[in-house]
Amino acid sequence: GSAQLNVRHDKVGDLSQSTGFLGYGYPVTDQLKLTVSTSSAFNAPPLGYLFAPGYGNPLLKPERARSHELGVQYEQGRQLLRATYFDTRIQDQLNYDAVTRAFANIGRTRNSGLELSYRGSVGASDVRASLTMQDPVNEITHQRLPRRAATLLSLGISHPLGPWRLGADLQYSSDRPDAYSDP
(Lines give C-alpha, C1' and ligand atoms only; values in the text may rest on other atoms or scores of the structure.)
Protein backbone atom coordinates (compact mmCIF):
# COMPACT_ATOMS: atom_id res chain seq x y z
CA GLY A 1 0.00 0.00 0.00
CA SER A 2 0.92 3.65 -0.10
CA ALA A 3 0.31 6.37 2.49
CA GLN A 4 0.39 10.15 2.34
CA LEU A 5 0.53 12.60 5.25
CA ASN A 6 0.46 16.39 4.82
CA VAL A 7 0.48 18.98 7.60
CA ARG A 8 0.10 22.72 7.09
CA HIS A 9 -0.01 25.75 9.37
CA ASP A 10 -1.61 29.04 8.28
CA LYS A 11 -1.41 32.41 9.99
CA VAL A 12 -3.59 35.17 8.55
CA GLY A 13 -3.49 38.28 10.73
CA ASP A 14 -4.64 37.18 14.18
CA LEU A 15 -6.01 33.87 12.84
CA SER A 16 -3.86 30.76 13.17
CA GLN A 17 -4.76 27.17 12.26
CA SER A 18 -3.06 23.86 11.51
CA THR A 19 -4.65 21.48 9.00
CA GLY A 20 -3.76 18.14 7.51
CA PHE A 21 -4.42 15.26 5.15
CA LEU A 22 -4.01 11.54 5.76
CA GLY A 23 -4.60 9.11 2.91
CA TYR A 24 -3.99 5.44 2.24
CA GLY A 25 -4.21 3.37 -0.93
CA TYR A 26 -4.38 -0.41 -0.82
CA PRO A 27 -3.76 -2.41 -4.04
CA VAL A 28 -6.25 -5.30 -4.17
CA THR A 29 -4.87 -6.46 -7.55
CA ASP A 30 -2.52 -4.92 -10.14
CA GLN A 31 -5.50 -3.03 -11.61
CA LEU A 32 -7.75 -2.43 -8.57
CA LYS A 33 -6.95 -0.12 -5.66
CA LEU A 34 -9.00 0.94 -2.62
CA THR A 35 -8.42 4.43 -1.19
CA VAL A 36 -9.38 6.15 2.04
CA SER A 37 -8.58 9.64 3.30
CA THR A 38 -9.42 12.17 5.96
CA SER A 39 -8.52 15.84 5.97
CA SER A 40 -9.13 19.17 7.64
CA ALA A 41 -9.24 22.65 6.07
CA PHE A 42 -9.17 26.28 7.14
CA ASN A 43 -10.32 29.24 5.04
CA ALA A 44 -9.86 32.81 6.32
CA PRO A 45 -12.42 35.34 5.02
CA PRO A 46 -11.00 37.42 2.13
CA LEU A 47 -10.60 41.17 2.73
CA GLY A 48 -13.52 41.98 0.41
CA TYR A 49 -15.85 39.75 2.44
CA LEU A 50 -14.76 41.60 5.59
CA PHE A 51 -14.60 45.22 4.47
CA ALA A 52 -16.30 45.78 1.09
CA PRO A 53 -18.47 48.93 1.37
CA GLY A 54 -22.14 48.03 1.69
CA TYR A 55 -21.84 44.25 1.97
CA GLY A 56 -18.68 43.43 3.91
CA ASN A 57 -18.91 41.94 7.41
CA PRO A 58 -15.92 42.49 9.75
CA LEU A 59 -17.40 39.93 12.21
CA LEU A 60 -16.94 36.94 9.87
CA LYS A 61 -15.32 33.85 11.33
CA PRO A 62 -13.03 31.59 9.29
CA GLU A 63 -14.39 28.38 7.76
CA ARG A 64 -13.21 25.12 9.26
CA ALA A 65 -13.87 21.82 7.49
CA ARG A 66 -13.39 18.09 7.90
CA SER A 67 -13.61 15.71 4.94
CA HIS A 68 -13.62 11.95 4.58
CA GLU A 69 -13.39 9.97 1.34
CA LEU A 70 -13.64 6.31 0.42
CA GLY A 71 -12.89 5.21 -3.12
CA VAL A 72 -12.12 2.46 -5.55
CA GLN A 73 -9.93 2.84 -8.64
CA TYR A 74 -9.50 0.58 -11.65
CA GLU A 75 -6.56 1.17 -13.98
CA GLN A 76 -5.60 -0.87 -17.04
CA GLY A 77 -3.15 0.51 -19.59
CA ARG A 78 -4.22 4.10 -20.36
CA GLN A 79 -7.74 3.64 -18.91
CA LEU A 80 -8.51 4.90 -15.38
CA LEU A 81 -11.93 4.63 -13.74
CA ARG A 82 -12.64 5.96 -10.21
CA ALA A 83 -15.62 6.01 -7.86
CA THR A 84 -15.34 8.06 -4.67
CA TYR A 85 -17.82 8.63 -1.84
CA PHE A 86 -17.16 11.91 -0.02
CA ASP A 87 -18.49 13.58 3.12
CA THR A 88 -17.46 17.15 4.04
CA ARG A 89 -18.70 19.07 7.07
CA ILE A 90 -18.00 22.78 7.39
CA GLN A 91 -18.32 25.03 10.41
CA ASP A 92 -18.97 28.74 9.76
CA GLN A 93 -19.10 28.40 5.95
CA LEU A 94 -18.62 31.77 4.24
CA ASN A 95 -21.66 32.76 2.19
CA TYR A 96 -23.33 35.80 0.68
CA ASP A 97 -26.72 36.28 2.37
CA ALA A 98 -29.22 37.69 -0.15
CA VAL A 99 -31.63 38.72 2.63
CA THR A 100 -29.17 40.90 4.58
CA ARG A 101 -27.18 41.72 1.41
CA ALA A 102 -23.93 41.02 3.21
CA PHE A 103 -21.49 38.18 3.75
CA ALA A 104 -22.26 35.91 6.70
CA ASN A 105 -21.28 32.59 8.20
CA ILE A 106 -23.54 29.54 7.96
CA GLY A 107 -23.16 27.68 11.27
CA ARG A 108 -22.92 24.09 9.98
CA THR A 109 -23.08 22.70 6.45
CA ARG A 110 -22.53 19.29 4.96
CA ASN A 111 -21.88 18.06 1.45
CA SER A 112 -21.83 14.34 0.75
CA GLY A 113 -22.11 12.37 -2.41
CA LEU A 114 -20.52 10.23 -5.08
CA GLU A 115 -18.06 11.19 -7.80
CA LEU A 116 -17.44 8.94 -10.81
CA SER A 117 -14.61 9.73 -13.20
CA TYR A 118 -12.95 8.26 -16.28
CA ARG A 119 -9.74 9.18 -18.05
CA GLY A 120 -8.47 7.20 -20.97
CA SER A 121 -7.86 6.83 -24.68
CA VAL A 122 -10.06 5.81 -27.56
CA GLY A 123 -7.79 5.34 -30.56
CA ALA A 124 -5.53 8.41 -30.68
CA SER A 125 -8.07 10.57 -28.78
CA ASP A 126 -7.85 11.35 -25.07
CA VAL A 127 -11.20 11.21 -23.26
CA ARG A 128 -12.19 12.59 -19.83
CA ALA A 129 -15.52 12.36 -18.04
CA SER A 130 -16.79 13.00 -14.53
CA LEU A 131 -20.15 12.90 -12.80
CA THR A 132 -20.77 14.26 -9.30
CA MET A 133 -24.03 13.62 -7.45
CA GLN A 134 -24.04 15.56 -4.17
CA ASP A 135 -26.27 16.92 -1.43
CA PRO A 136 -24.96 20.32 -0.19
CA VAL A 137 -27.16 21.27 2.80
CA ASN A 138 -27.37 23.69 5.69
CA GLU A 139 -27.38 21.26 8.64
CA ILE A 140 -29.35 23.68 10.83
CA THR A 141 -32.25 24.40 8.42
CA HIS A 142 -31.88 21.18 6.35
CA GLN A 143 -32.25 23.30 3.18
CA ARG A 144 -30.02 22.92 0.13
CA LEU A 145 -27.25 25.51 0.08
CA PRO A 146 -27.84 28.40 -2.32
CA ARG A 147 -25.99 28.41 -5.64
CA ARG A 148 -24.90 24.76 -5.22
CA ALA A 149 -25.85 22.16 -7.83
CA ALA A 150 -26.85 18.62 -6.89
CA THR A 151 -25.46 17.19 -10.15
CA LEU A 152 -22.34 18.16 -12.08
CA LEU A 153 -21.17 16.52 -15.31
CA SER A 154 -18.16 17.18 -17.51
CA LEU A 155 -17.00 15.52 -20.71
CA GLY A 156 -13.90 16.26 -22.73
CA ILE A 157 -12.09 14.90 -25.74
CA SER A 158 -8.90 15.93 -27.50
CA HIS A 159 -7.31 14.57 -30.64
CA PRO A 160 -3.87 15.20 -32.18
CA LEU A 161 -3.79 16.82 -35.63
CA GLY A 162 -0.16 17.05 -36.76
CA PRO A 163 1.58 19.54 -34.45
CA TRP A 164 -1.82 20.66 -33.08
CA ARG A 165 -4.31 19.18 -30.65
CA LEU A 166 -8.02 19.76 -31.25
CA GLY A 167 -10.29 19.46 -28.23
CA ALA A 168 -13.79 20.07 -26.96
CA ASP A 169 -15.26 20.19 -23.46
CA LEU A 170 -18.85 20.03 -22.31
CA GLN A 171 -20.00 20.91 -18.80
CA TYR A 172 -23.44 20.51 -17.24
CA SER A 173 -24.74 21.70 -13.89
CA SER A 174 -28.22 21.02 -12.52
CA ASP A 175 -30.19 23.95 -11.15
CA ARG A 176 -28.54 26.09 -8.48
CA PRO A 177 -31.31 27.81 -6.53
CA ASP A 178 -30.63 31.43 -5.66
CA ALA A 179 -32.60 34.18 -3.94
CA TYR A 180 -32.38 36.12 -7.21
CA SER A 181 -33.84 33.30 -9.31
CA ASP A 182 -37.12 34.03 -11.03
CA PRO A 183 -39.72 31.44 -9.93
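**Pockets and charged pairs**

1. Let's begin with the largest pocket, whose lining has seven nonpolar, ten polar and four charged residues (Ala, Val, Leu, Ile, Met, Phe, Trp, Tyr, Cys and Pro are nonpolar; Asp, Glu, Lys and Arg charged; others, Gly among them, polar). A pocket is an open set of 1 Å grid points where a 1.4 Å probe fits, with protein on both sides within 12 Å along at least five of seven lines; lining residues have an atom within 4 Å of a point.

2. This is a predicted model: local features need pLDDT of at least 70 and side-chain atom pairs 80 or more, while totals use all residues. Numbering starts from 1 along each chain, and side-chain values use heavy atoms, without hydrogens or water.

3. Of the 21 residues lining the largest pocket, Thr 35, Val 36, Ser 37, Glu 69 and Gln 73 lie nearest its centre. Strand β4 contributes the most, with five residues (strands are DSSP E runs of at least two residues, numbered from the N terminus).

4. The second largest pocket has 17 lining residues, with Asn 95, Tyr 96, Asp 97, Ile 106 and Pro 146 nearest its centre. Its lining includes eight nonpolar, five polar and four charged residues.

5. Now look at Asp 87, which pairs with Arg 89 in a salt bridge (3.1 Å, N to O) (Lys or Arg side-chain nitrogen within 4 Å of an Asp or Glu carboxyl oxygen). Arg 110 also meets Asp 87, at 2.6 Å, N to O. Because Arg 110 sits in β6 and Asp 87 in β5, this pair ties together parts 23 residues apart in sequence.

6. The whole structure has eight salt bridges, one of them between Asp 126 and Arg 165 (3.5 Å, N to O).

Terms used: Helices (H or I, at least four residues) and strands (E, at least two) are DSSP runs, numbered from the N terminus.
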